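I opened the model to look up its aromatic rings, its cores and its surface. My notes follow.

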Amino acid sequence: MDAFMDYYFEEVFCDLERDCLNERFKRRELVEYFNSVISGCAKGQNQSDNTTCKNFVTSALRYHNNCKSSNGDVCLMGKYHNLLYIAMKLAYDWSLQDNGVVAALLDACEGTFERIFLGAIFGTSAPYFLAGWKSDFMDKEENVSALVFFLDHATNANLEFQDGLKSYRFIDVPLESCGKASPVRVVIQMGSAEVLMILLRFGARITSDHVSTNPIESILDRLKEYNRKYPYELVTCLKLSLRAVPKVLLTVDKAVYKHLELPDDYNYDRKVALEKYSDILEDHLMPSSRCGLKPVELKHLCRCLIRQMLWENYELPFGIQKLPIPMQLKKYLDLLDD
């Protein structure tokens, strides 16, 4: 396999037009070709499909990195960069189990993972209008499956990525085409409960960022607009999000209440919740224990603390199954029950 790939890159790939892989159908044709090569080499060399796929991805990475190094450590883009997308699709197609190789593929060049996230969030066509490219995966279902595949590898490899002075895990790297919002914020804005569940199980952070306020607060504000005729998907997103945080952190402008001369330890969350979200509280969409009206349940606080410890050790969500606790509690920790 190595000899074949070296020959291919030196004698075939180098003669291809620079923009030959810009179109999705061209990348798919090359994926189909390499799928046949991997299958044939595996049989001819009496190796497993996984080993042969690993050899291809390693060869593709080596070629890309060599070209990048020869250009002053700047990616040549065009076909040289598109080769990474082909390697990514093949790694998924063959369920490549070598964590180091997949991690190296994720860490190869871009520093953004829109190719993985946008297709799962929006489907196969929308990324073209957002970012000018089309997903390399066949449909939304395959995009979601690929997202889980790469989330699993990134978690097992303890991957972190730098964006300026901030460090992010794979699951929280901002999406450039979405105003640098986090994937979980974009999913919540889309009201996609299925993808939100995946992100939350893998430990996506629900926090405020430079984009706007806490994502859960944005859900509450949107629900107010529906005059108590709440969309099912949006309500589901709210309930799932509430499972993943100890309580909702509401935005409080203390200057508004300055004339009241309230004590420093005053429960502003309670006041804001009653003033802004009384209908939502009355309709039992948000428990009073999650917004400062009542103490948070001890069981829920324990869940959040255990998940935080698992997150710190890169063990979400599959590390939950290693815990010596009843299955019902495992489902509770994994956000499947409440």
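I started with the rings. Tyr8, Phe9, Phe13, Tyr33, Phe34, Phe56, Tyr63 and Tyr80 form one aromatic cluster. Rings of Phe, Tyr and Trp (its six-membered ring) pair if their centres lie within 6.5 Å; planes under 30 degrees apart count as stacked, over 60 as edge-to-face and the rest as tilted.

I noted the ground rules next. This is a predicted model, where local features need pLDDT of at least 70, side-chain atom pairs count only at pLDDT 80 or more, and totals for chains, interfaces and linings use all residues. Residues are numbered from 1 along each chain as its sequence is written, and side-chain values use heavy atoms, with hydrogens and water left out.

**Ring pairs.** I found 18 aromatic pairs in the structure. One of them is Tyr8 with Phe9, edge-to-face at 5.7 Å centre to centre and 70 degrees between the planes. Tyr8 is buried at 5% relative accessible area, and Phe9 is buried at 4%. Here buried means under 20% relative accessible area, exposed over 50%, and partly exposed in between (1.4 Å probe, protein chains only).

I then checked Phe117 and Phe170. Their ring centres are 5.4 Å apart and their planes stand at 40 degrees, so I logged the pair as tilted. This pair links distant parts of the chain, 53 residues apart. Phe117 sits in helix 6 (residues 114–122), and Phe170 in the loop between strand 2 (166–169) and helix 9 (183–190). Helices (H or I, at least four residues) and strands (E, at least two) are DSSP runs, numbered from the N terminus. Phe117 is buried at 1% relative accessible area, and Phe170 is buried at 2%.

**Cores.** Which residues touch the most other members of the largest nonpolar core? I got Val57, Leu106, Phe150, Phe170 and Leu199, out of 96 residues. Helix 4 (residues 79–93) gives this core its largest share, nine residues. A second, separate core has five residues, including Leu310 and Leu333. A nonpolar core is a set of buried Ala, Val, Leu, Ile, Met, Phe, Trp, Tyr and Cys residues joined through side-chain atoms within 4.5 Å.

I listed what Phe170 touches, leaving out residues up to four places away in sequence: Leu106, Phe113, Ile116, Phe117, Phe150, Leu151, Ala154, Leu159 and Phe161. Contact means heavy atoms within 4.5 Å.

**Helix 10.** Helix 10 (residues 193–201) is mostly covered, with seven of its nine residues buried. Leu199 is among them. The cover includes helix 6, helix 8, helix 9, helix 12 (232–244) and helix 15 (298–312). Just after helix 10, I found Gly203 with a positive phi of about 95 degrees.

**A glutamate.** Leaving aside neighbours within four places in sequence, Glu142 contacts Lys89, Tyr92 and Phe137.

**One exposed tyrosine.** Tyr7 lies in helix 1 (residues 2–12). I logged Tyr7 as exposed because its relative accessibility is 51%.

**Whole chain.** I counted 16 helices and two strands. Buried residues make up 48% of the 338 residues. The C-alpha atoms fill a box of roughly 75 × 45 × 35 Å, taken along the principal axes.
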